[in-house]
Amino acid sequence: MTDADAIVVGAGLAGLVATYELTKAGKKVLVVDQENEANLGGQAFWSLGGLFLVDSPEQRRLGIKDSFDLAMADWLGTAGFDREREDHWPRRWAQAYVDFASGEKRSYLHELGLRLMPNVGWAERGDGTAEGHGNSVPRFHITWGTGPGVVDVFRGPVLEAQARGLVRFAHRHRVDEIVVTDGVATGVRGGVLAPSAEPRGVASSREVVGEFEFSAPAVVVTSGGIGGNHELVRQNWPARLGEPPEQMLTGVPAHVDGRMLEITENAGGAIVNRDRMWHYTEGITNWDPIWPGHGIRIIPGPSSMWFDATGKRLPVPIFPGFDTMRTLSHIMTTGHRHTWFVLSQKIIEKEFALSGSEQNPDLTGRDLALLSQRLKKGAPGPVEAFKQHGADFVVRDNLRDLVEGMNALTETPLVDHDDLERQIVARDRQVYNKYAKDFQVMAIHNARGVFTEKLSRVAAPHAILDPANGPLIAVRLHLLTRKTLGGLETDLESRVMRPDGSAFPGLYAAGEVAGFGGGGVHGYAALEGTFLGGCIFSGRAAGRAAARSV
């Protein structure tokens with residue numbers, strides 16, 4: 001006797017989307033998750049809600065000319081697919097996803113009630129070449145309501161389906177094994193965890209108080225990535241980046257542990273591109289943490305000067321917000337794992353944003369009055385709170401005192417005042433004309449060519465050391481774990497593949513556990529705004545395919 005038409009393992013965004021599509025087809029779904037009901041929506045809830053869209057009405061209103069061909073070229077230049085076997089399905093997923101992003105993605109979400117901010121952000125601005133990494137144009141669309149807003153448009157229909165008897169949740173049920181019968185996935189078994197009343201995101205007990213086994217003709221794995229499991233991150237760390245770092249901040253809750261990857265592999269599923277991962281380089285220690293080692297990412301505008309731990313300016317084209325993986329690769333060669341932003345008060349007021357729904361209460365709460373405060377003088381409230389309370393912020397009125405404060409945050413003094421001053425003065429000389437030879441200053445002028453960037457995101461070029469623009473600010477930046485770019489290999493119907501290239505009957509995977517589709521749709525790097533969309537696109541494919549199969 002079966003417990004449902006399909007079992008969905010993981011109640012994050014991809015799981016909710018798959019469940020929504022299954023219930024649209026009239027199927028009964030059992031959602032199994034190791035956390036309590038407060039964590040419905042998973043990691044997506046904590047996100048800024050950025051969505052990658054191509055040739056959208058929002059872009060067109062701003063005069064941004066985008067197209068499938070341009071976005072596809074950007075995607076391929078960023079992904080760098082180079083593995084014949086492991087990149088077979090990721091290549092096909094990439095083309096299908098960019099087609100989705102330039103086609104029905106917006107209308108699919110709009111019909112569910114999702115709304116977007118009118119401004120379009122420019123993330124991952126590139127490596128300075130036309131064929132290489134990065135977005136040629138702004139494509140980062142922020143959801144009105146941030147991550148919770150994305151989750152809600154699927155959470156609502158799923159809870160309505162629950163009320164109709166189509167959905168049942170098994171919270172605090174941790175899957176330890178996929179049941180395989182005659183080569184077909186037929187269910188899951190595992191341990192029942194002790195009840196937990198912990199708030200969303202807080203690490204919960206792993207005490208096992210019972211056992212369970214559920215059966216269904218389709219099993220959909222949507223359990224997320226490995227970012228909360230530093231041991232697994234280090235185990236899969238790319239050799240091309242050298243030795244894995246001993247210390248990292250954690251950008252996701254502890255339950256993002258990657259357990260289902262090994263469990264699915266043990267059942268017979270294929271994992272590809274294990275060494276591809278996405279970690280941010282602009283992490284700061286959360287002064288008010290929710291989960292262990294909680295870090296927050298600064299989403300920077302292009303104007304802060306970026307220095308390594310010893311006070312040497314990072315090389316071109318490593319500027320804030322341009323090329324995450326190139327920056328990570330460079331940092332790993334410096335002998336230190338932290339870097340520094342040095343900036344002015346004018347820059348922090350206009351250019352600093354913090355990733356995360358909880359760090360953007362105006363957007364998350366859909367509060368227009370609070371949102372309007374961003375246009376006033378002063379940094380946004382959450383940014384100001386970090387400036388005042390954050391362990392990684394140094395604020396001083398002059399550079400000598402700033403360097404003294406920077407060196408006080410490291411075991412030994414690493415930054416030389418005179419050397420740092422020389423580099424900042426040289427940069428400051430470049431801002432007095434509308435043209436410059438400094439590539440970063442050129443990039444600032446370029447960014448300000450986009451109306452919304454000039455209005456609300458990029459400060460007017462100015463001398464950082466001019467006291468009129470102060471005080472001076474230095475921010476110590478750490479590596480921050482975040483996304484898994486490899487994972488379970490899947491075909492375009494989100495069916496898990498076996499190592500021999502055949503489909504695993506009855507078994508599907510979607511979201512981060514599947515590398516957001518195919519086992520690595522992003523290749524080596526991402527264009528940003530593609531993670532939530534990857535959960536939606538692959539979850540939709542898995543739900544629809546599973547519904548057809550049963």
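This is a predicted model: local features need pLDDT of at least 70, side-chain atom pairs count only at pLDDT 80 or more; totals for chains, interfaces and linings use all residues.
Local features were taken only at pLDDT of at least 70 and side-chain atom pairs only at pLDDT 80 or more, whereas totals for chains, interfaces and linings use all residues. Residues are numbered from 1 along each chain as its sequence is written, and side-chain values use heavy atoms, with hydrogens and water left out.

The domain assignment, whose bounds come from an automatic or database source, gives domain 1 (4–222 + 484–547) and domain 2 (280–478). The C-alpha centres of domain 1 and domain 2 are 31 Å apart. To the contact (heavy atoms within 4.5 Å), domain 1 contributes 32 residues and domain 2 contributes 33. The buried area between domain 1 and domain 2 is about 2500 Å², with 60% of it on carbon and sulfur atoms; buried area is the accessible area (1.4 Å probe) that two parts lose on being put together, summed over both. Trp46, Arg125 and Trp144 account for 30% of the area that domain 1 buries against domain 2, more than any other three residues.

Three salt bridges, each a side-chain nitrogen of Lys or Arg within 4 Å of a carboxyl oxygen of Asp or Glu, were found across the interface of domain 1 and domain 2. Between domain 1 and domain 2 there are also 14 residue pairs in polar contact, both residues being at pLDDT 80 or more. A polar contact is a pair of N or O atoms within 3.5 Å; within protein, one must be able to donate a hydrogen and the other to accept it, and residues adjacent in sequence count only if both atoms are side-chain atoms. On the side of domain 1 that touches domain 2, β4 (116–121) and α6 (146–163) each supply at least two residues. Helices (H or I, at least four residues) and strands (E, at least two) are DSSP runs, numbered from the N terminus.

Helix α14 (residues 399–408) has as its buried residues Leu399, Leu402, Val403, Gly405, Met406 and Asn407. Buried means under 20% relative accessible area, exposed over 50%, and partly exposed in between (1.4 Å probe, protein chains only). The cover over the buried residues of α14 includes β16 (339–344), β18 (393–396), α15 (417–428) and β19 (472–484). At the start of α14, a side-chain oxygen of Asn398 comes to within 3.2 Å of the backbone nitrogen of Arg400.

Asp392 is located in the loop between α13 (381–389) and β18. Asp392 is buried, at a relative accessible area of 1%. A polar atom of the Asp392 side chain lies 2.8 Å from the backbone nitrogen of Thr285. Beyond residues up to four places away in sequence, Asp392 touches several residues, including Ile284, Trp340, Leu409 and His478.

The whole structure contains 38 salt bridges. One of them joins Asp66 and Arg139, with the closest N and O atoms 2.7 Å apart. Asp66 lies in the loop between α2 (57–61) and α3 (68–79) and Arg139 in the loop between β4 and β5 (140–143), so the pair ties together parts 73 residues apart in sequence. Both Asp66 and Arg139 are buried. Glu528 and Arg297 form another salt bridge, at 3.2 Å between the closest N and O atoms, and both residues are buried. In the salt bridge of Arg495 with Glu493 the N to O distance is 3.9 Å; Arg495 is partly exposed at 32% relative accessible area, and Glu493 is partly exposed at 33%.
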